[in-house]
Amino acid sequence: MDVKTIGVLTSGGDAPGMNAAVRSVVRSASKKGMRVLGVRRGYNGLIHGDMVEMDMRSVSDIIQRGGTILYTARCPEFRYEEGILKAKKTCEEVGIDGMVVIGGDGSFRGAADLSARGVPCVGLPGTIDNDIACTEYTIGYDTAMNTAVEMVDKLRDTAQSHDRCSVVEVMGRHAGHIALNAGIACGATYILMPEKKYDLDDIVEKMKLTQMSGKHHFIIMVAEGIGNTTEIANYIESKTGIESRATILGHVQRGGNPTVRDRVVASQMGHYAVELLSKGIGNRVVGMQNSKIVDFDIQEALSMKKTIDEDLYQVAYDISF
Ligand code: ADP
Ligand code: F6P
């Protein structure tokens, strides 16, 4: 099939580097002589025909910007047959014969549904959580971790000055990848994440032990999927007698200028997606394996399971006494 017009959208939570991915898709497709339509607010734009013509210059000056110029949204309507058929009709009306969908697992489910109705879609992993199984890296992950570490470095200054414990919650939805890596990078005494069983009394013991060897202040890193961070801080304070403060970093982790890694990977993945579509290949998710860009069937990708890096967890544990 000769793909002449492709659409591109961002869906689910925004992630730094999505703009770099959009830019790469638009430029790669334009270079091949394809027409590109930027679809606004995720699948909503496809359902309601909210889109804009894009060319090489439409994506000038965005590689460095966080967020997404195409806006993003969660679109409940697209979970149902009626919504998908409306989107397919829009694609027929405007001539879209291939789509690039930048988002997470939910967005890929939508992309699979649309591919099955005859509009070939290629998914690009865009989420700060790095929780997509078929890829070792997702666009936005590096920036989010760097933001988290920058924030915790500031918290450490005040924890150190007051001999306190700073209990910091980072994002990640049900995954602890941000917590584990940011936790190591900011010297956390303990890292709590959904993939590892934990006992709050182990934290208390570790804090008391290290206190005996002269440690005065503590960083405890908590992945949001764990539970109530304020309650954890209160428990630690009640058992150790060390003043503890909870900080929830929140959406600050989703914003900001993308790092070099996010810009480069987004550019590579966007280019790769256009290559696939230009060959008429759809129903694929682009990922990274052993630092190489690869692609998978969407259903196969969605059936994969991601685990945390146990060796890295052990490193984190051993060097935080
Ligand atoms: P993410 O893509 O980051 O995982 P969501 O899970 O919120 O984010 O999904 C983003 C959007 O993808 C949803 O708002 C919806 O439009 C679409 N979507 C999610 N799940 C499905 C599904 N099972 N079938 C079709 N579309 C879906
Ligand atoms: O998936 C990205 C993410 O920021 C998660 O880390 C977090 O759980 C969720 O989205 C927050 O969603 P919302 O922006 O709807 O509050």
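**Close-up 1. T143 in helix α5 of the predicted model**. T143 belongs to helix α5, which covers residues 141-162. Is T143 buried or exposed? T143 counts as buried because its relative accessibility is 3%, and buried means under 20%. Setting aside neighbours within four places in sequence, the contacts of T143 are P16, G255, G256, N257, P258, T259 and D262.

**Close-up 2. The buried residues of helix α6**. Helix α6 runs through residues 177-185. Which residues of α6 are buried? They are H177, I178, A179, L180, A182 and G183. These buried residues pack against helix α5, and also against α11 (310-318). Their other packing partners are the strands β6 (165-170), β7 and β8 (218-223). After α6 comes G187, which has a positive phi near 70 degrees.

Close-up 3. Where does D199 lie? D199 is in the loop that links β7 (190-192) to α7 (200-212). D199 has a relative accessibility of 37%, so D199 counts as partly exposed. Partly exposed is the class between buried, under 20%, and exposed, over 50%.

**Close-up 4. A nonpolar patch on the surface**. L209, M212 and F321 make up this patch, and together they have about 360 Å² of accessible area. M212 is part of helix α7. M212 counts as exposed because its relative accessibility is 69%.

**Close-up 5. Positive phi at R41**. Most residues other than glycine have a negative phi. What is the phi of R41? The value is near 55 degrees, which is positive, and R41 is not a glycine. R41 sits in the loop between strand β2 (35-39) and helix α2 (43-48). With a relative accessible area of 35%, R41 is partly exposed.

**Close-up 6. Positive phi at S291**. S291, a residue other than glycine, has a positive phi near 65 degrees. Which two strands does the loop with S291 lie between? They are β10 (284-289) and β11 (292-297). S291 counts as exposed because its relative accessibility is 54%, and the cut-off for exposed is over 50%.

How values were computed:
Residues are numbered from 1 along each chain as its sequence is written. Chains are lettered from A and ligands numbered from 1 in the order in which they are written. This is a predicted model: local features need pLDDT of at least 70, side-chain atom pairs count only at pLDDT 80 or more; totals for chains, interfaces and linings use all residues. Side-chain values use heavy atoms; hydrogens and water are left out. Helices (H or I, at least four residues) and strands (E, at least two) are DSSP runs, numbered from the N terminus. Buried means under 20% relative accessible area, exposed over 50%, partly exposed in between (1.4 Å probe, protein chains only). Contact means heavy atoms within 4.5 Å. Patches are made of residues with over 30% relative accessible area and no salt bridge: like charges are joined within 9 Å, nonpolar side chains (Val, Leu, Ile, Met, Phe, Trp, Tyr) within 5 Å. Accessible areas come from the Shrake-Rupley method with a 1.4 Å probe; for residues, only the protein chains shown count as cover. A salt bridge is a side-chain nitrogen of Lys or Arg within 4 Å of a carboxyl oxygen of Asp or Glu.
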